[in-house]
Amino acid sequence: MKILGGTSRASVLTLRKALTDAVSKQSANDAATFASELFTILTVLSSSVGLRRALTDNSRDKSAKADLISNLFGKNIKAEAQALLATAASLRWSSPAELADAVEQLAVEAQSAAAEKSNEQESLESELFDFARVLIANPDLRQGLNTSADSDEGKLALLDAVVKGKYASSTHTLLQKVVTLRRGRSIDATLVAYSHYVSTRNNRLIAHVKSAVAISDDQLKKLVAALSKQMGKEVHVNVEIDPKVLGGISIRYADDVIDGTIFNRLAEAGRALVS
């Protein structure tokens, strides 16, 4: 996943606070609309280098940027989403492209907030992981969703055939964006990025657990509690049954390399399953 420059990281923190303030006052439907409008903004930013440069030009007056945003989006985007983009344009960015990266994160986090308000947050995190496993198990599906020559309508129809009615509404909505708004990435990389933004929104880590056998609900609760205690923050656990795991469990966090010290802590957490 792309690492933002130092200047951009500071700006993203400011924007995430503004997003949290905005969605805290919204209903689930309003938050979903907010997310949809941010994705619309992202689509435009992704397609226009000139617009990204204009909005990140430090020599350009803030009011001129706000006028540009209003003229471009005023008829289709509500005031809150426009205001968030205007705030983004007033901040400093390491490169114009990173403005679009930030808006992407905000859009995903807004959709995550809508899921939370709809009591779909746990489903959203688990189903994004499940869909990643579906892609691995079905290379033809992955190829079909990755092929740039196929129309968005065709990709969405293919997606619907697999997940419609099986996943939560929030997950389905977000996967539609994964399929149609990859911004030059593979579907796998886009899915990883979105999953990361969802977990970031909830201020928790996502642990991928492989086990040779099924884990009971009681064992899972013990594992979550042990990992959360060891890592110092809430942990969401996705479990994959893998017969190749010879005894016990294996645990990893995102794509981070687990060093010896952390591995020992995770080993202790794994022992909680049999305590």
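1. Among contacts (heavy atoms within 4.5 Å) between residues at least 6 apart in sequence, 74% join residues at least 24 apart. The model is predicted: local features need pLDDT of at least 70 and side-chain atom pairs count only at pLDDT 80 or more, whereas totals for chains, interfaces and linings use all residues. Residues are numbered from 1 along each chain as its sequence is written, and side-chain values use heavy atoms, with hydrogens and water left out.

2. The protein contains 13 helices and three strands, taken as DSSP runs numbered from the N terminus (helices H or I, at least four residues; strands E, at least two). Of its 275 residues, 43% are buried; buried means under 20% relative accessible area, exposed over 50% and partly exposed in between (1.4 Å probe, protein chains only).

3. The largest nonpolar core has 56 residues, of which Phe34, Leu38, Ile41, Leu45, Phe131 and Leu175 touch the most other members. Helix 6 (residues 97–117) gives this core its largest share, ten residues. Such a core is a set of buried Ala, Val, Leu, Ile, Met, Phe, Trp, Tyr and Cys residues joined through side-chain atoms within 4.5 Å. Beyond its neighbours within four places in sequence, Ile41 contacts Phe73, Ile77, Ala81, Leu85 and Val103.

4. In helix 1, the buried residues are Ser8, Ser11, Val12, Leu15, Leu19, Ala22 and Val23. They line one face of the helix, because they fall within an arc of 105° seen down its axis, the arc being that of the directions from the axis to the C-beta atoms. Leu13 and Lys17, on the other side of helix 1, are exposed.
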